[in-house]
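I shall present one structure, moving from local backbone features to the overall fold and then to a pocket.

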Amino acid sequence: PTPEGWAINQRGEFVTDTPQILQDLLARTNALLPLGGMGELLGGHKGYGLATMVEILSAALQGGSFLYDLSGFDANGNLQPHKLGHFFLAIDIEHFIPLDQFKAITGSIVRQLRASRKAPGQERIYTAGEKEYEMEKHIRVEGVPVNPNLQKNLKSMQEELGLTQYDFPF
């Protein structure tokens, strides 16, 4: 199930049935909530603002698709290209502060975050990018994990296209 607070129906009620949510999103009878959820209590208004900013930077600047148009279907339910836009920003840190000073401050921020009290049952506190770095190290040794649905799709395409020269380990 989808965690409560991620999606709502037209009555403003939380919905958790993932397959139904996906269908209702396409029918435009459900909506995903922004980071922080609904309203201002948990900062949903800030998540809404961040999401809007991302849409503007990643869609409006490039003429890309946005909101419901990213579903991959047009208003009639026909498949359509995504026209996915991207936004990249490069900052010359030394226009603001000397690089060594920036690195020292950033390092202190990260060390203080990692030294915070951990939630019950947690072994460590991760900072941005650490889990991805750990996963990359794992993948370099163990290979890219391929979930069962993708395995099935690859096998099906292999058979359909007669690509017998490839021997998948699954």
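Let me begin with a definition: a residue is called buried under 20% relative accessible area, exposed over 50%, and partly exposed in between, using a 1.4 Å probe and protein chains only. This is a predicted model, in which local features need pLDDT of at least 70 and side-chain atom pairs count only at pLDDT 80 or more, while totals for chains, interfaces and linings use all residues. Residues are numbered from 1 along each chain as its sequence is written, and side-chain values use heavy atoms, with hydrogens and water left out.

On that scale, Arg28 counts as partly exposed because its relative accessibility is 42%. Arg28 sits in the loop between helix 1 and strand 2; helices (H or I, at least four residues) and strands (E, at least two) are DSSP runs, numbered from the N terminus. Most residues other than glycine have a negative phi. Arg28, however, has a positive phi, near 65 degrees.

Lys83 is likewise not a glycine, and its phi is positive at about 50 degrees. This residue belongs to the loop between helix 2 and helix 3 (99-114). Lys83 counts as exposed, because its relative accessibility is 56%.

I turn now to the chain as a whole. It contains five helices and two strands, arranged along the sequence as β-α-β-α-α-α-α. The radius of gyration is 22 Å, well over the 15 Å that the globule rule gives for 170 residues, so the chain is more spread out than a compact globule. That radius is taken over C-alpha atoms, and the rule is 2.2 Å times the number of residues to the power 0.38. Along its principal axes, the C-alpha trace spans about 55 × 50 × 40 Å. Of the 170 residues, 15% are buried.

Finally, the largest pocket. A pocket here is an open set of points on a 1 Å grid over the protein atoms alone, where a 1.4 Å probe fits, with protein on both sides within 12 Å along at least five of seven lines; lining residues have an atom within 4 Å of a point. Its volume, the space filled by probe spheres set on the points, is about 580 Å³. There are 16 lining residues, and Ala31, Leu32, Glu55, Leu67 and Tyr68 are the closest to the centre. Helix 1 (18-26), strand 2 (30-32) and helix 2 (44-60) each give two or more residues to this lining. Which element gives the most to the lining? Helix 2 does, with four residues.
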